[in-house]
Amino acid sequence: MGRSSSGGGISFFVACILVQLGLATAQKWLTLSGNAPAIIAKGGFSGLFADSSFNAYKSVSVFSSSETTLWCDLRLTKDGVGICLPDINLNNCTDIQYYYPQGQKSYVVNGVPTSGWFSVDYNTNELAQVTVTQAIYSRTNAFDSSASPILSVDDVKTQIKPHALWLNIQHDIFYRQHNLSMRTYVLSVSKRVIVNYLSSPELAFLSGIAPRFRNTKTKLIFRFLDKDTTEPSTNQTYGLLLNNLTFIKTFASGILVPKNYIWPTTPDNYLLPYTSIVTDAQKAGLEVYAADFANDHIFSYNYSYDPLAEYLSFIDNGFFSVDGVVTDFPVTPSMAIGCFSQLNKSSIDHGKPLIISHNGASGDYADCTDLAYQKAVDDGADVIDCPVQVTRDGILICMSSIDLIDDTTVTKSPFSSQVSVVPQIKKTAGIFTFNLTLDEIQKNLKPTISQPESLYSLVRNPLYKNSGSFMLLSDFLSFAKGKSLSGVLISVENAAFMAEQLGFSVVDSVISAVNDAGYNKTALEVMIQSTDSSVLVKFKQLTKYKLVYKIDQLIRDAVASSVEDIKTFAHAVALDKESIYPSTRLFTTGETGLVPKFHDADATVEINAHVLGAGVDGIITDFPGTASRYKRNSCTKLSTSTPNYMQAVPPGELLSLLSSDSLPPALAPMPPLDVSDVVEPPLPSATPKAVAPASRGTASPSSNPSSGQRSPASILVPLMMICGFLLLV
């Protein structure tokens, strides 16, 4: 297009090791050829950079398999040059409207009146100053810059040097209406550029050009659009054309279908049984490519927001494998094919990183329910966790929050008016576990699945949002004893409040429960986690449990004396991921260096970066299945031969590709951890309170019960009531 894409470019990528192994090709696949499925990067790494931009295409060789194919949506300029752009309307993917504000036109495209800016109205010189921009507004536009010109097919060949090239031709009829010939251009460019794949949803175009590519290395792929859409040259819907695969085989070597042709979903976004399209097409001698893969699109809840799991369902399900996937994020299928396929799904590895559930598998089921714990065990967690809370009648129960509003349906129950403020616990009003007896909780409340990303309309497993049963600590301990686990983790918070205000010793009660469950006769390790050093000091005096100090504040460093102090009462620390890789506007800005100082547990799910990059030893996660699969992947022990797509990207490196006006704001300074943040007064003794009748106020348990047995003693706690106030979840 007359302008080189150098300068800003991708220079930092040279630091990455570009090792590619033949891991996938050594396996036998259920593809038509028996080879590993192909990875087709739609417009390059378009999930991060603008589709069809220089950076999007160039980054594929860094982040993905070396055999990844680059996809180009082919458009024609007024002077007949082929360019790569994701949309026929240039206003949707470039900044052309700023250069030609009067250039808007209206045309009929495949029978649909369309307004915008079109390549057929501009020659290559006129488009030389136009820049490619991010076309999907939910993705960052921070990488849009003047260093992203429109690329021609020849530019992609000379500047990018792709391993393989896929040209997708749409709207042939539209270009013919403007006296431009896709056929002529494709035949011309194929003489100087190796075109590995040629696809089109227009049957007349593909079948007409097929004889010219017979006995060549170019594969012709018929592209199916939505089943109800009409194919322009036959006036049949694509759904009807799907019934005539033998006819398609006469001019094509494969088909490209939306992924929901293969794995359809229900209206509420759960998977239906897979269709026979892959096996039917492969029996007819056609390869099958699946389209529409993107990590940031909404996909079935069955995948638990794990895009790698979705790829595996198309390539490694034991029944069929598609021959290739078209994706905006080529790094993910690269990992799926190269490292995560054909694994021993039943293998158990309790080595590093240690996988600790966060309220069970709380990404799939409501926190701390029997379903969440069973899923965590089934998914391969090494340690399952129970955050203990106390009921009004002195029973220890596993709940992620002491405030029932956070994780139950209490606001829709007969107890919705029992709202109070407890300043020692939180500044806002709540309905607390110690307000209700165990019977009142079990008979009147249901659990509620956590929704940490509900602000972005990302909800978790809505069909089961209130499923599962609450578990007592005693039930939790009995459940864990018979499972393939290395241990349990019990989180203890608000111990001082329970002792002083409720007359309940949570430390003594936890110890009694563990002893009553017979853990002194098992190989399971008991871990105690708390943000209160006084709690861990008390446990150290009375037990030999492994103690984990949770630092819930964001810190950038830890003074030596604070680290030494922590060592006197804890065996490990749990850090928030932001204390390891600080970020601003979703860009990581660097690494704090805390891991070498503490060197033990972490509370994050960015597994590869934290395990390989930061060197953490443990992961606390809502999705233990993802972490467990990571431990089994076939690339973990390759050392210096690790493929590039499994290497951790150095934090902050992407910032070098941003223009100065696109840089995120500097982070506010995070404080270092000091001794004063760690040292606390001793845990107060629990003094049993006098008995008082239950009422709308909050009653407390006695200090005696410890292993799930009820206590008749309860008192009225004088808490400030907010009458008539109802806080909805």
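Residues are numbered from 1 along each chain as its sequence is written, and side-chain values use heavy atoms, with hydrogens and water left out. In this predicted model, local features need pLDDT of at least 70 and side-chain atom pairs count only at pLDDT 80 or more, while totals for chains, interfaces and linings use all residues.

Trainee: What percentage of the residues of the protein chain count as buried?
Mentor: Buried means under 20% relative accessible area, exposed over 50%, and partly exposed in between (1.4 Å probe, protein chains only). Of the 729 residues in the protein chain, the share that counts as buried is 55%.

Trainee: Which side chain of opposite charge is nearest to Glu202?
Mentor: Glu202 sits in the loop between strand E7 (197–200) and helix H8 (203–209), where helices (H or I, at least four residues) and strands (E, at least two) are DSSP runs numbered from the N terminus. Glu202 is buried yet has no salt bridge, that is, a side-chain nitrogen of Lys or Arg within 4 Å of a carboxyl oxygen of Asp or Glu. Lys and Arg count as positive and Asp and Glu as negative, with His and the chain ends not counted. At 5.4 Å, the nearest side chain of opposite charge is that of Arg176.

Trainee: Which residue has its backbone nitrogen 3.0 Å from a polar atom of the Glu202 side chain?
Mentor: Glu202 is in contact (heavy atoms within 4.5 Å) with residues including Gln170, His171 and Asp172, leaving aside neighbours within four places in sequence. The backbone nitrogen at 3.0 Å belongs to Asp172.

Trainee: Is Ile298 buried or exposed?
Mentor: Ile298 lies in the loop between strand E10 (287–293) and helix H12 (307–315). With a relative accessible area of 56%, Ile298 is exposed.

Notes. A polar contact is a pair of N or O atoms within 3.5 Å; within protein, one must be able to donate a hydrogen and the other to accept it, and residues adjacent in sequence count only if both atoms are side-chain atoms.
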